[in-house]
Amino acid sequence: QVQLVESGGGLVQAGGSLRLSCTASGRTFSGYSMGWFRQAPGMEREFVAAIFWSGDRTVHADSVKGRFTISRDNARNTVYLQMNSLKPEDTAVYYCSAARSPYHPRLPVTAPDYGSWGQGTQVTVSS
């Protein structure tokens, strides 16, 4: 298991920006693809973005494409989610996650593909 700790959430006005960070410990971070998910009250957890273990492939949900960017720094065991042009509908608890297995050839985009989760960080966007 890997331990994941998110930070960087908060309250921001619509149109603003936030950068979420997720620091991993407990196993070799660089071998695992990483993802961000979010969950709004009363809603299912939804995929936001994922980055391949090597860092050379990313995917973003259509709802955030062009506004959010996932990146990673393997030297710091950290994955980031840069969120720009935030909208009230982006309000949710954001979760960082690590893939179940290392060096998987496919970039995982669904929650069952991930085996470790952080505690979540609240992002609230006011209109």
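Guide: A charge sits over a ring if NZ of Lys or CZ of Arg is within 6 Å of the ring centre and within 35 degrees of the ring normal. This is a predicted model, in which local features need pLDDT of at least 70 and side-chain atom pairs count only at pLDDT 80 or more, while totals for chains, interfaces and linings use all residues. Residues are numbered from 1 along each chain as its sequence is written, and side-chain values use heavy atoms, with hydrogens and water left out.

Visitor: Which residue lies over the face of F29?

Guide: R72 does, at 4.4 Å from the ring centre. R57 is placed likewise: its charged end sits over the ring of F52, 3.9 Å from the centre.

Visitor: How is a pair of aromatic rings described?

Guide: By the distance of the centres and the angle of the planes. Rings of Phe, Tyr and Trp (its six-membered ring) pair if their centres lie within 6.5 Å; planes under 30 degrees apart count as stacked, over 60 as edge-to-face and the rest as tilted. That rule gives six aromatic pairs here. For F52 and W53 the centres are 5.5 Å apart and the planes stand at 40°, so this pair is tilted. Elsewhere, F37, F47, Y114 and W117 form one aromatic cluster.

Visitor: Is F52 buried or exposed?

Guide: Buried means under 20% relative accessible area, exposed over 50%, and partly exposed in between (1.4 Å probe, protein chains only). F52 has a relative accessible area of 6%, so F52 is buried. W53, at 25% relative accessibility, is partly exposed. Across the protein chain, buried residues make up 44% of the 127 residues.

Visitor: How many helices and strands does the protein chain have?

Guide: Helices (H or I, at least four residues) and strands (E, at least two) are DSSP runs, numbered from the N terminus. The protein chain has zero helices and 11 strands.

Visitor: What radius of gyration does the protein chain have?

Guide: The radius is taken over C-alpha atoms, and the globule rule is 2.2 Å times the number of residues to the power 0.38. For 127 residues a compact globule would come near 14 Å; the protein chain has 13 Å, which agrees. Along the principal axes, its C-alpha atoms fill a box of roughly 40 × 30 × 25 Å.

Visitor: Which residues form a disulfide?

Guide: A disulfide is a pair of cysteine sulfur atoms within 2.5 Å. The structure holds one: C22 and C96, with sulfur atoms 2.1 Å apart. The pair links distant parts of the chain, C22 in strand β3 (residues 18–25) and C96 in strand β9, 74 residues apart. The angle about the S-S bond is -75°, and the link is left-handed. C22 is buried at 0% relative accessibility, and C96 is buried with a relative accessible area of 0%.

Visitor: Where is S85 found, and which residues does S85 touch, not counting residues up to four places away in sequence?

Guide: S85 is in the loop between β8 (78–83) and β9 (92–99). Contact means heavy atoms within 4.5 Å. With residues up to four places away in sequence left out, S85 touches G15, G16, S17, R67 and D90. The C-alpha atoms of S85 and L18 are separated by 9.3 Å, although the two are 67 residues apart along the chain. S85 is partly exposed, at 41% relative accessibility. For the protein chain, among contacts between residues at least 6 apart in sequence, 60% join residues at least 24 apart.
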